Each structure stands twice: as structure tokens, then as C-alpha cells.
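Visitor: Could you walk me through reading a few features of a model? I'd like the general idea each time, then the case at hand.

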Amino acid sequence: MNDQIATSLALKPGRRRNLFAQVVEELGLRIVRGDLGPDDPFPKEADLEAEFGVSRSVIREAVKTLAAKGLLESRTRTGIRVHAPMHWNLLDAEVLSWRYSAMPPRQFFSELFEVRMMIEPEAAALAATRATPADLVEIEDAFHAMAEASQANVPGIEADLRFHRGILAAGRNALLLQMGNLIGVGLLISHRFSREAFEIFLPLHGIVFDAIRARDADGARASMRDLLSRTREYMKDHIRD
């Protein structure tokens, strides 16, 4: 696994995080890695208290948080058990990052782009038909921020994410907005593995925006598909497990 990505996404002992967040993340990682499976007995509260050096209330709140993400189930009679992966909220930003940490990067990236290819071209087409003037300003500003980052030779991840999220928002579909975390993790991986990709594919972002601004739904769909396809092929040659 690429150490830079792991540092960004996984729990590191030296990071300044409160104890509650550390417990949530460490237990979440263990579940997603398979260290704690659906058929395994979940550790007793007393054992977790001793391991993490926290109070019982912290452990219980951590369990509630993981249950809300679909990783755990807590019942009065049967106690705490790990949910099967089909129950996990894979659009949750933390669950996504834990899943990345537990998988070969190429496999994770491939799965991620399969979903992005299903969603983002249609989101761009919707944006072309539904975007308000304010939406267009937001997307254009994000594109200009990307261009400025490129010229200044500084990371453009925030502007890139703003661009793609702006398109999702312009589609005026609340469910699409939930894809923001998925896209965010994908962009983080791309930027971490290759800054060159940001430079190469910046003009394609401009083509996507031009189609949206022109209210050309077919053009927006095709240009977004082209952007994602080219990025995926480029990253296949640059991501190493």
C-alpha cells in the first residue's frame, strides 16, 4: 500500500485525535480488515477499556457510532456483533477510508471508478439542464481555482473536489449529493499518486464545464465520461499495490 495514502486515510498513533475518535477508527479498521468478523465474538467492554485506556462511556459511544455506520449491531439479548459487509455504509467518508486501507489500492480504485462512471456522466447531464446561474458561477469558480493551483504548482485537490461536487449539486437531486464522499476519496487517491494527472486532465474539466454552461446535456455526459475514462486509464499505470 502506498504509505502517503495510508497516512492520509488510516489511523496513525502520532496523530492528534481525541480518544473517542481513535477508538472508533481503530475498531472500524479492524472490522473492515476482517480482524473482527461476523462470526467472531466482539471484545468485552472491560477489555477494550483496558486496551485503549478509556472509560466505558467512550467505548459505548464508539460502538454506537460504528453501529450508525452499519458496521456493528447491538442487541440486548445477543450483545454486540459485527455486521456483514452488505450492511456497511460504504458512502460514509470514514468507512471508505478504512476500506481503502484494507484493500490493494488498484482494486479499490477500480471499484471506485466503476461507480463514478455510472454516476458522474449522468450527473453532468442533469447539471446541464438544471443548473442555476449561481450553480454555474460555483462550478466556473472551482475550475478557475484549479487552473490557479496548476499555475502556482500547488495542490489542487480542494478545487478539484469543489468542481465535481458543484456538478452534483447542480443536478438538483439530493441523493446525488451523497456521492460527494465517494468522489472525494477517489480524487485524493489520484492527487496523491500523481500530480501530473491533475495537470494533464485540467483542460478536460474545462470541456465539461463548457458543455454544462451551454446547456448541452449530451455533450456534458460525453465529456465527463471522457474525463473519467482517461483518468482511469492513466491511473492504472501509476497505482501500485
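Visitor: Is Arg162 buried, partly exposed or exposed?

Guide: Buried means under 20% relative accessible area, exposed over 50%, and partly exposed in between (1.4 Å probe, protein chains only). Arg162 has a relative accessible area of 33%, so Arg162 is partly exposed. Bear in mind that this is a predicted model, where local features need pLDDT of at least 70, side-chain atom pairs count only at pLDDT 80 or more, and totals for chains, interfaces and linings use all residues. Residues are numbered from 1 along each chain as its sequence is written, and side-chain values use heavy atoms, with hydrogens and water left out.

Visitor: Which residue forms a salt bridge with Arg162?

Guide: A salt bridge is a side-chain nitrogen of Lys or Arg within 4 Å of a carboxyl oxygen of Asp or Glu. Here Arg162 pairs with Glu138, with the closest N and O atoms 2.7 Å apart. Arg162 is in helix H8 and Glu138 in helix H7, 24 residues apart; helices are DSSP runs (H or I, at least four residues), numbered from the N terminus. Glu138 is partly exposed too, at 31% relative accessibility.

Visitor: How do H7 and H8 pack?

Guide: Two packed helices are described by the angle between their axes and the distance between the axes. Axes are lines fitted to C-alpha atoms over the stretch in contact, and angles run from 0 to 180 degrees between N-to-C directions. H7 (residues 133–152) and H8 (residues 157–170) pack at about 165 degrees, axes 8 Å apart. Angles over 145 degrees count as roughly antiparallel, and H7 and H8 are therefore roughly antiparallel to each other.

Notes: Helices (H or I, at least four residues) and strands (E, at least two) are DSSP runs, numbered from the N terminus. Angles under 35 degrees count as roughly parallel, over 145 as roughly antiparallel, 65 to 115 as roughly perpendicular and the rest as oblique.
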